Amino acid sequence: MHRTRSASTNAGLRAGALLGIVALGLISIVGSGGGIAFLPSDCPPGLDCSGSATPVPVLQPARVTAQVGTPVTFSVLGLNVPASQVTYQWYRSSDGGVHYVAIAGATGDTLLLASVNLADDGAIFKVTASANGLSGSAVSHVAVTASPGLVFADGEFPAAGWLATPLPIGSVPAPAHTEELVATGGHPGAYLTMVFQLASQAGMGGVAYTSLAGTYEPQTQGAVYVIDYSEDGISLETSFSKSTRSAMLLDQGGRKYIATPSDSYPRLATSWDVSQNTPSLRAQDFTLLDGPACQAGETCPDFSSLGAPMRFGYWRLSSGPQGASISHGIDNWKVTVWRR
Amino acid sequence: MTAVGVPAWQRPTLLTFVGCLTLSTGLLVYLADRVASHAVLIPSIPAFSGCNLFGVLGQWLPSFVHPLAFSLFTAAVLKPSAATCWGACAFWGSVNVAFEVGQHPALSSPWTAALHGGAGDWAVVRSVLNYFLHGTFDPYDICAAALGALAAGVILYFVDHFQGARHAPN
């Protein structure tokens, strides 16, 4: 009996050691070559890394809206090669990116426009990062307006101030949903939690939230040039299998649209994610979520001075196991409408 | 027969020692020859940085060393037999080749997109994504990994052969 137990103990120890070695082996492969975000791997100094060392700058912001007379700063936030090897040059295009002109003396990793003016409206600024004879670039689009933006914002989320509309997605039924205002734990203070109960045969479900606090009337307030959107979001789930995405919602003329920035909807983090900004949204950045299809001759949505009144909000899409309950929160919802 | 033998109780110790020695060589490549701080798990030590000790060999040495060392570690905890020894070498050779192939531009984008979509935005996932996205695919690394696994097999063969010889009747 003693021999049997000893043999099984040895086998257990061997199995544990084996698992540890396999884990260590895999971690050491990734850890030695993976690098941290935006840093390269496997490139000894002085050797050609066959193209992988082409600098790829990450420029922030990629789009920006500003009022005449205000400053705008562009920064290279990340780079895939060591900064010490890189030289920068900033360029400006006034013709939609067809031609770029080098900005004299602009050779740092930031570019400051001390006071933008209407001549900067529509301009595209490009930074080129060069290293080891290779170069990469990134651009930022600028929108400049003469008048201040009109702000629609909510950080308190009173129940009477919002309309929740669960929406089916194709044949996927809409989820059941509950909302609750939580006094603390927001970013900061109060915030709104939402719980989506997915249908038993549905792996996802979306709800549109429309703010009832204000309406923008293009016919009296003027055509919309661009819209800036931001929110702080949080996922209240820790399971890999449950996730939630968010997008700005625009409600106009019986149709609901969601903003579709090029980088897809942000996936909410499990701590407050304050990076969910989608600036300079134009009419073409919205896609129809709900309502009648856009007919020939219609502009959907209509940003012109003939457009129907607009309400704003946000749309949440949760996905997870069929029938799952998925929780998430929102704080500091903000829409800024800019006119020319 | 005079034997240079390895007693059975010393086998794991010897294999672990040789494995650590070879792994240290790989670590030295990162400390001395590689750009500082591009490895998550390896700190930058200014005194070593920029020595370029291994020259061109430093480009492939880690790929050789890793399967060699971990094959020996694995063999050290398994019961000695030809099957377990060659199995350990084949496993670590395959793992290293698979990770290298995953860095190929034709594979890294769809693979990382699938991983990112399915696994979320965790630090571990980000490191794996960075490994495949920013790593450099190099066919010579595949050769080095295969050679490393083969070298481990040869070492294990001699260790176990001499051990067998020592215990063989005269």
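User: In which sense do β16 and β18 of chain A pair?

Analyst: Antiparallel, in this predicted model. Strand β16(A) covers residues 255-259, and its pairing with β18(A) runs over four bridges.

User: Which residue is the bridge partner of A:A259?

Analyst: A:F286, in β18(A).

User: What sheet are these strands in?

Analyst: An open sheet of six strands in chain A. The order is β10-β13-β19-β15-β16-β18, with antiparallel pairing.

User: Which strands stand at the edges?

Analyst: β10 (162-167) and β18 (286-290) of chain A. Each has a single partner strand, so one side of each lacks a neighbour in the sheet.

User: And how are neighbouring strands turned against each other?

Analyst: By 35° on average, ignoring direction.

User: Switching to chain B. At what angle do α1 and α2 pack?

Analyst: About 160°, and the axes are 8 Å apart. Helix α1(B) spans residues 11-32; helix α2(B) spans 61-77.

User: Roughly parallel or antiparallel, then?

Analyst: Roughly antiparallel. The cut-off for that is an angle over 145 degrees.

User: Left-handed or right-handed crossing?

Analyst: α1(B) passes α2(B) in a left-handed crossing.

User: Which residues make the contact?

Analyst: From α1(B), they include B:P12, B:L15, B:V18, B:G19, B:T22 and B:V29. From α2(B), among them are B:L61, B:V65, B:H66, B:L72, B:F73 and B:V77.

User: How do the residues of that contact divide into nonpolar, polar and charged?

Analyst: The contact of α1(B) with α2(B) has 15 nonpolar residues, six polar and no charged.

Methods
Residues numbered from 1 in each chain as written. Chains lettered and ligands numbered in written order. Predicted model: local features only at pLDDT ≥ 70, side-chain atom pairs only at ≥ 80, totals over all residues. Axes fitted to C-alpha atoms, helices over the stretch in contact; angles between N-to-C directions. Helix = DSSP H or I, 4+ residues; strand = E, 2+ residues; numbered from the N terminus. Parallel < 35°, antiparallel > 145°, perpendicular 65-115°, else oblique. Left-handed = near helix turned anticlockwise from the far one by under 90°. Contact = placed C-beta atoms within 7 Å. Nonpolar A, V, L, I, M, F, W, Y, C, P; charged D, E, K, R; others polar. Pairing = 2+ DSSP bridges.
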